[in-house]
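Let's take a walk through a protein together. Have a look at the sequence and the 3D picture, then read on.

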Amino acid sequence: MPVWDDLRVLLAVHRAGSLALAAKAIDIDATTVSRRLAALEQELGVRLVVKHRGAVTLSRAALEVVAEAE
């Protein structure tokens, strides 16, 4: 079962569209966002985000997790 704090970070990234904006929205450091996403990916065994040019794209698996978390 994923940790709620990690799910909260994924939801913030989904809504904000970038790690930096997600970090600002939930008032944590961007490196913490990255660490929490990595922990969630490790726990679930799937890739959740693809980073490119400061933005992120959520994988299909991530969108399923987001739908469940919401």
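Is Arg36 buried, partly exposed or exposed? Arg36 turns out to be partly exposed, with a relative accessible area of 27%. Keep in mind that what you're looking at is a predicted model. The mean pLDDT of the protein is 91, and 97% of its residues reach 70 or more. Confidence is highest in α2, at 95, and lowest in strand β1 (residues 49-52), where the mean is 86.

Back to Arg36: its side chain meets that of Asp6 in a salt bridge, at 3.2 Å from N to O. Arg36 sits in helix α3 and Asp6 in helix α1, so this pair ties together parts that are 30 residues apart in sequence. Asp6, for its part, is buried, because its relative accessible area is 6% and the cut-off for buried is under 20%.

The structure holds 2 salt bridges, and Arg15 forms one with Glu70, with the closest N and O atoms 3.5 Å apart. Here helix α1 is linked to the segment after α4, so the parts tied together are 55 residues apart in sequence. Arg15 is exposed at 59% relative accessible area, and Glu70 counts as exposed at 58%.

Now for the inside. The largest nonpolar core has 20 residues, and Leu10, Val13, Val33, Leu37 and Leu58 have the most contacts inside it. Helices α1, α2, α3 and α4 and strand β2 each supply at least two residues of this core, with the largest share, 6 residues, coming from α1.

Conventions: Residues numbered from 1 in each chain as written. Predicted model: local features only at pLDDT ≥ 70, side-chain atom pairs only at ≥ 80, totals over all residues. Heavy atoms only, no water. Core = buried A, V, L, I, M, F, W, Y, C linked by side-chain atoms within 4.5 Å. Buried < 20%, exposed > 50% of the residue type's maximum accessible area, 1.4 Å probe, protein only. Helix = DSSP H or I, 4+ residues; strand = E, 2+ residues; numbered from the N terminus. pLDDT = per-residue confidence, 0-100. Salt bridge = Lys/Arg side-chain N within 4 Å of Asp/Glu carboxyl O.
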